[in-house]
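Biologist: I would like to learn how to read a model of this kind. Can you take me through it step by step?

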Amino acid sequence: MNVEQPAVFACLDSKFVMGMHIVPSAGVVVLFDYSDFWGIGADGILWHTETDADGINIGRNQNGINLISGSLDIPGKGSTAFSVDALSGEIKL
């Protein structure tokens, strides 16, 4: 979001934001709650990715390739490793 224009804003459809990761090489801040991710750039919300997860545990931020890694707690499958591309929001299990 452009901090120079505080009248320009966007609302996230989330109960609460659990965490964030800054990916400077992508110019993106990734916010997440218990099941979804949002990529926020200078011009607002770039992407929104929904998951079937019951919880998200972020392990590390690999800035060089714009990936955030961790595990999703998927009902019936347990903890599943994933990565999310900070540029596109694409999740790879």
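Predicted model: local features only at pLDDT ≥ 70, side-chain atom pairs only at ≥ 80, totals over all residues.

Biologist: How many helices and strands does the chain have?

Modeller: There are 0 helices and 8 strands. Read from the N terminus, the order is β-β-β-β-β-β-β-β.

Biologist: What holds strands together in a sheet?

Modeller: In general, backbone hydrogen bonds pair them, in parallel or antiparallel fashion. Here, 4 strands make an open sheet, ordered β1-β2-β3-β4, with antiparallel pairing.

Biologist: Which strands stand at the edges?

Modeller: β1 (19-23) and β4 (44-50) do. Each has a single partner strand, so one side of each lacks a neighbour in the sheet. From one strand to the next, the twist averages 20°.

Biologist: Take one pair. How many bridges join β3 to β4?

Modeller: Strand β3, residues 36-41, is joined to β4 by 6 bridges, and the two run antiparallel. For a landmark, find Gly-39: its opposite number in β4 is Trp-47.

Biologist: Now burial. What share of the residues is buried?

Modeller: Buried means under 20% relative accessible area. By that cut-off, 40% of the 93 residues in the chain are buried.

Biologist: And what is the accessible surface of the chain?

Modeller: About 5600 Å². Carbon and sulfur atoms account for 53% of that surface.

Biologist: Last, contacts. What part of them joins residues at least 24 apart?

Modeller: Take the contacts between residues at least 6 apart in sequence. Of these, 28% link residues at least 24 apart.

Note on methods
Residues numbered from 1 in each chain as written. Heavy atoms only, no water. Pairing = 2+ DSSP bridges. Axes fitted to C-alpha atoms, helices over the stretch in contact; angles between N-to-C directions. Buried < 20%, exposed > 50% of the residue type's maximum accessible area, 1.4 Å probe, protein only. Contact = heavy atoms within 4.5 Å. Areas by Shrake-Rupley, 256 points an atom, 1.4 Å probe, with all protein chains shown as cover.
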